[in-house]
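Visitor: I'd like to go through this one and ask what stands behind each label. Where do we start?

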Amino acid sequence: MRIKAKIMDRTATFLLTAIAVLIIGVLFALLGFLLTQGWHKLNFDFLTSPPSIAEAGGGIGPQLFNSFYLLVLTMLIALPIGLGAGIYMAEYAPDNRFTRFIRLSIEVLSSLPSIVIGLFGLLVFVTMTGWGYSILSGALALTVFNLPLLVRITEDALRNVPPSQKEASLALGISKWRTITSVLLPAALPGIITGTILASGRVFGEAAALLFTAGMTSPDLVFHDFSLNSPTSPLNPMRPAETLAVHIWKVNSEGLTPDARDVADGAAAILVIAVLAFNLGARWFGTWLYRKITSGTQR
Amino acid sequence: MTVNIQQAQDTVIKTSDLSVFYGQKQALNSVNMEIERHAVTAFIGPSGCGKSTFLRSLNRMNELIPNCRVTGSIQIDGIEVNSDAIPIEGLRQTVGMVFQRANPFFKSIFENIAFAPRFHGVKNKADLEELVEKSLRKAALWDEVKDRLHESALALSGGQQQRLCIARTIAMQPSILLLDEPASALDPISTMKIEELVVELKQEYTIVIVTHNLHQAARISDHTAFFLMGELIEKAPTSQLFTSPQDKRTEDYISGKFG
Amino acid sequence: MSHRGMEGSAVLAKNAAEPAVPLQHTRGSSMQTRLTKRNRHIHAENVIGRAIAMLCAAMLIILVLSISYFIASKGLATFFVNGVSLKEFLTGTTWDPEGEPAAFGVFPFILGSFLVTVLAAVIAAPLGIGAAIFMTEISPAFGKKILKPVIELLVGIPSVVYGYVGLTLLVPFIREQFEVLGFSVLAGGLVLALMILPTITSVAADAIEAVPQDLRNASLALGATRWQTIWHVVLHSALPGCLTAVVLGMARAFGEALAVQMVIGNTTKLPESILDPISTLTSGITLNMGNTIAGTPYNNALWSMALILLLMSFAFILILRILGRRKWASR
């Protein structure tokens, strides 16, 4: 009986370890596959030239730019709202129906399929506004997609600030609002920034919410044209913009070029490198900022 | 209840029927007390006797605790402050507080001190610099930190942090200082420095200090109030309270029978 | 040390004698003015700040309500404008919206969504919970240093990349192995399993970590092996948390669009085995929304499919809430 239990224990430990090793192996295989497949594509030409419609040799320049531009625009819209709502939830929200309803809303928004958010964007930000497929519509859809995460990040970061900081500030006669903006937010900054960078990675790789909002095409961009309303200006927020993630999907499902596979390889490698960079960057920057703010902490 | 009657013009804080409830639990029971201007008043009593609760009522810090209710009257310089009509920022600026554990902001030494004055209206850079230096000198910290004002306050030692917190409180130019066991987390030498500082500061401020250390109360205070189970048992000039207490319970406590 | 203290007080005494310009003017009767003076600016800032924060929070409610309203109003048109019966819509097995007569049976899509979701959960749940046990019970140091970052990276990889890997590795593999098309329920389930594995692992790990140490100690002290302790004690009390993890993963799998769409083949024929191609609600919407004209019965039917997705995500939240309550009740 005891021997049987011992064998069982050994077997279980072995199996569980095998699972852990398997998962780690899968990640490295995945990264290895993507990077080795795409490595030969990672040259200046591929990263900067526009894609071609029917022949080989196209690049992903506009897509790469669109992804970053869309990310910046999304964060410009989503961050202030996310910060505000996070502040409300952490510092003001009384225990009442309104607060519970907000919590439910956060839960609903974060579990909505991104294709549903994309459809909502299509209806409201594309059709009802009359903007058509545009970067701005895409940024608004991604705001909806990203908002619940940002609210949680802000709320958690604020709640993790030691209560003594708040007490100290209020005891100095600092108003509640200034206590939040000048004491709590700076102290919560490492958490907020780390979370935001990670969220950026998610936004960067999102595609389903963009298919019907930012669209699946990109005009021939003229990269020295910086007016906001020229249809070929990269900065024009009202032009359609296919991102890198959308491009990977499109090339695979309806690509016509003979080197579609090649282009997708390169684009996937870039996307994964970007996500890795966001991840590692978030870790490194968060730790660095925390050290800087609390340098030589003794408690 | 014995309350030492002082001349009216010397009283700066006067509470009547001050009670504090945490939810259903009553933490302070109908306290009447007068606190003298430009003197050090010490609150003593065993843990949970209500001395800190009383102290935190004076600048309405109890409002931070959910379900906490403070009833009765607190008059400061004749003005009723236990009322929503009094803006809380002005009250807390007038009645400064230093906590048991040093709680410097995650900012530089300079910013820790300049933060509150700037909020309360000192905008000029030269004025702020002067104020920071004066406050640090008053808190006997200037010589130790003058070369690293722009380094993080968290790099200071525990005792230095606590003096920084006192400097920070002084810098917003309060009239009354509430000290909630300011030396209880410190080593003996830092404690001594804080005590010297308290005696020095009473020239300019009315000081109320909560302490669990009877010797500390005897060394630095002019008046002492003894709390027990949410009630004020006795308040008297310190020498009188420690030599000839009026109440049997006070006598038992200071002679070490309980607590 | 005492020497320094003395020096400090000497400085203090000198300072106290000096006329302290900024510190002096606030005492005396000015105390009363300071106590009663209302700073309008500060007051306004407080009120406005709070109002803005509240408005931002209210935005979340507005978004949820408007998403629900708009998706529902478009999705219900199929039934109220185009006169398709709800029963035919949900149970009909023929999807031919452009045919004569048009048929709007979305059962193949619904079935497809459920099949890939369940398959993904069946594969990912044991692996995810196993990895969670490894992280918390077998080797916390290794788990924290290596497995956790690995899991976080897996979460970060975009879904199109998963779909792309599925398309270039998994589909050909299945094609050669089983001599079928390759695009299949199996491929979809495997890709989704990989995608929800990190979610299940991290949520389950949190649940297992929350089991009080006393319970483990008590069991080990009775002579139980580590595995017996994990199986009978730890997993038993972490069960609601582990279920929550699996349901969260399933909710994610059910709503995933592009990764699935790339590997399942997208036919509306009912599958006969998990090696057959299939469609899901999400893949049906993705492929056809751009090619149909707004207001047509075809287009409306796609919105109805979106409405089903929306309702399903409400249902998942309901299940999660019930599980959450169970968790509290059992403590």
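Guide: Let's start with a definition: buried means under 20% relative accessible area, exposed means over 50%, and partly exposed is in between, with a 1.4 Å probe and protein chains only. This is a predicted model, where local features need pLDDT of at least 70, side-chain atom pairs count only at pLDDT 80 or more, and totals for chains, interfaces and linings use all residues. Residues are numbered from 1 along each chain as its sequence is written, chains are lettered from A and ligands numbered from 1 in the order in which they are written, and side-chain values use heavy atoms, with hydrogens and water left out.

Visitor: Why is A:Glu155 called buried?

Guide: Its relative accessible area is 6%. The cut-off is under 20%, so A:Glu155 counts as buried.

Visitor: And what makes A:Glu155 and A:Arg103 a salt bridge?

Guide: The term asks for a side-chain nitrogen of Lys or Arg within 4 Å of a carboxyl oxygen of Asp or Glu. Here the closest N and O atoms are 3.0 Å apart, so the pair qualifies. A:Glu155 lies in helix H6 of chain A and A:Arg103 in helix H4 (residues 97-111) of chain A, so the bridge ties together parts 52 residues apart in sequence. Helices here are DSSP runs of H or I with at least four residues, strands are runs of E with at least two, and both are numbered from the N terminus.

Visitor: What makes B:Lys235 and B:Glu36 a link between distant parts of the chain?

Guide: They form a salt bridge, with the closest N and O atoms 3.1 Å apart. B:Lys235 sits in strand S11 (residues 231-237) of chain B and B:Glu36 in strand S3 (residues 25-36) of chain B, 199 residues apart. B:Lys235 has 3% relative accessibility and counts as buried; B:Glu36, at 3%, counts as buried too.

Visitor: Which residues are joined into one salt-bridge network?

Guide: A:Arg103, A:Glu155 and A:Arg159, through bridges that share partners. Over all chains, the structure holds 27 salt bridges.

Visitor: What is A:Phe65 in contact with?

Guide: Contact means heavy atoms within 4.5 Å. Leaving aside neighbours within four places in sequence, the partners of A:Phe65 include A:Leu221, A:Phe223 and A:Pro234. A:Phe65 is in helix H3 (residues 61-92) of chain A, and at 24% relative accessible area it is partly exposed. From A:Phe65 to A:Glu242 it is 177 residues in sequence but 9.6 Å in space, C-alpha to C-alpha.

Visitor: Why does the radius of gyration of chain B agree with a compact globule?

Guide: The radius is taken over C-alpha atoms, and the globule rule is 2.2 Å times the number of residues to the power 0.38. With 259 residues that puts a compact globule near 18 Å, and chain B has 18 Å, so the two agree. The C-alpha trace of chain B spans about 55 × 40 × 35 Å along its principal axes. Buried residues make up 61% of chain B, and its secondary structure comes to 10 helices and 11 strands.

Visitor: How confident is the predictor in chain A?

Guide: pLDDT is the predictor's confidence in each residue, from 0 to 100. The mean for chain A is 88, and 95% of its residues reach 70 or more.
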